[in-house]
Amino acid sequence: MRKVIILLILGTFLLSLTACYDAHEMDDMLYVVTIGVDKGISDKWRLTIQFPTMKEGGGQTQSGSGGGGQSQSGSGGDEQSGHSYASIDAPSFFTGIDMLNASLPRKLNFTHTQIIVFSEELAREGLIGEYIAPLSRFREIRRSAHVFVVKGKAIDFLKENKPVIGTTISKSFQVLTHASENIGFFPHTTLENFYEGLKSPYGQAIAAMASVNDSKSFAENGEPWGTKFKTGGDYFAGQLPRTGQNKIEVWGTALFNGDKMVGELNGDETRFLLMIRGEFKQGSFTMQDPQKPELIIPLDVRVSKKPQIDIDIKDKKPVIRLKVQLDADLLAVQSMINYEQPELQSLLEETFKKSVEEGITMLIKKCQGLNTDVFHFGDYAAKNFLTIDAFESYDWNRHFKEAEVIVDVNFAIRRTGTQIKSYPIKDPIGVN
């Protein structure tokens, strides 16, 4: 008995000597914020990573690896932390990590990765599936990381990612990705739901589109715009007429069929897509004034209830009944017409309701033409089958393009801001 007690005491004592043998200090690691993937030249894949240099006050640095590096930092004495990138051609993601670790002064760590960027070329050739599977299996990359498809090269997107507000690129991306909830011009797509969408028999995957905006759409000179009407959401990624120090933008949606990108949505189409998927929360819309088409009326639109979707299958042909319910605040009336009174308010509501119904119907037809159910109507169609095997034998993705779709939008203006009535502006001669 004495020997057993002695052995237990010795065992307990030895366990206390193990310490944290596998611990790593924070400054032993290089935390990757963004991963970019292109087709390679020297090897199959071109892997680009972007990471903070953790140098207080910024400064210049060289990554010394792959395709070279370059730091981004504050200027003129700003205390903005710098960031850098490194790029390498490699046969696989994991071999690329090891190759980069041979030249970087810290061990790469992907536990704080927020964005995974694929080039549009790679997406349209159906090569994402080869690369996304190892990423989703890798324990360091969280499934909450966001997925972008970028026009042009992913490496160029990372080079131009120069946040001008705040101190870190991780914070900038965190705020940018959540902007989707307040504007609805791009989807909030994580690695988890993107990867599941690639494999799902109930629908197809989507990803946010991103681009470098070279400001070519921002005309310095020319004729004034006049009275033509644009919604503001009818642009594609990279085409926004803007200029500024930050050249990157996230706008629109990439549509997939399997792991192949088959189409792209602009900002307005993306909002309709999110309404159907129940992911739209809020956004400002611009509509033409029904009585003075040369003027516009902006609305702050919100979803009042989740969309109601009911699908019946008659003679193997799906019939989809979709109901979307929206509320809005009246933000302004340029014409000063008293749209606050009930009769004219009903005119506004009916006009906007029709525009949303037409937009949703056209979007669904566009996706049927591309043979991609990015709305995941298949989730609702499955109730018509007794077993999963029966549903998968029906092959929903093949029958979606034949579906008849009936769209109904309920829309009401609930609030008129701080003004209950619009009055015309008087001029020196009389009433306008």
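Which residue follows H9, and is its phi positive or negative? Keep that question in mind; the tour reaches the spot at its third stop. One caution before you click: this is a predicted model.

**Stop 1: the whole chain**

The C-alpha trace spans about 100 × 65 × 55 Å along its principal axes. The protein has 432 residues, and 45% of them count as buried.

**Stop 2: a patch on the surface**

Select Met1, Ile5 and Ile9. Together they form a nonpolar patch on the surface. Isoleucine 9 sits in helix H1, which covers residues 2-15. Is this residue buried or exposed? Its relative accessibility is 56%, so isoleucine 9 counts as exposed. The cut-off for exposed is over 50%. An α-helix has 3.6 residues a turn, so residues three or four places apart point the same way.

**Stop 3: helix H9**

Select residues 267-277. This is helix H9, and 10 of its 11 residues are buried, so the helix is largely enclosed by the rest of the structure. Among the buried ones are Gly267, Arg271, Leu274 and Ile276. Buried here means under 20% relative accessible area.

Next, look at the two ends. Asparagine 266 caps the N-terminal end of H9. Show its side chain: an oxygen there lies 3.2 Å from the backbone nitrogen of aspartate 268. Then go to the residue after the helix. That is glycine 278, and its phi is positive, near 75°. The opening question is settled.

**Stop 4: the largest pocket**

Stay with H9 and turn to the largest pocket. Its volume is about 580 Å³. The lining has 27 residues, and the closest to the pocket centre are Thr231, Asp268, Phe272, Ser355 and Gly359. Select those five. Two of these names, Asp268 and Phe272, are also buried residues of H9.

Which elements supply at least two residues each to the lining? Colour H9, strand E11 (282-288) and helix H10 (342-369) to see them. H10 gives the largest share, with 10 residues.

**Stop 5: aspartate 214**

Finally, select aspartate 214. It lies in the loop between strand E8 (206-212) and strand E9 (248-257). Aspartate 214 is partly exposed, with a relative accessible area of 45%. Its side chain reaches the backbone nitrogen of lysine 216 at 3.1 Å. Aspartate 214 and serine 170 are 44 residues apart in sequence. In space, C-alpha to C-alpha, they are 23 Å apart.

Definitions and conventions: Residues are numbered from 1 along each chain as its sequence is written. This is a predicted model: local features need pLDDT of at least 70, side-chain atom pairs count only at pLDDT 80 or more; totals for chains, interfaces and linings use all residues. Side-chain values use heavy atoms; hydrogens and water are left out. Patches are made of residues with over 30% relative accessible area and no salt bridge: like charges are joined within 9 Å, nonpolar side chains (Val, Leu, Ile, Met, Phe, Trp, Tyr) within 5 Å. Accessible areas come from the Shrake-Rupley method with a 1.4 Å probe; for residues, only the protein chains shown count as cover. A salt bridge is a side-chain nitrogen of Lys or Arg within 4 Å of a carboxyl oxygen of Asp or Glu. Helices (H or I, at least four residues) and strands (E, at least two) are DSSP runs, numbered from the N terminus. Buried means under 20% relative accessible area, exposed over 50%, partly exposed in between (1.4 Å probe, protein chains only). A polar contact is a pair of N or O atoms within 3.5 Å; within protein, one must be able to donate a hydrogen and the other to accept it, and residues adjacent in sequence count only if both atoms are side-chain atoms. On a 1 Å grid over the protein atoms alone, a cavity is a set of points where a 1.4 Å probe fits but cannot get out, and a pocket is an open set with protein on both sides within 12 Å along at least five of seven lines; lining residues have an atom within 4 Å of a point. Grid points are joined across faces, edges and corners, and a volume is the space filled by probe spheres set on the points.
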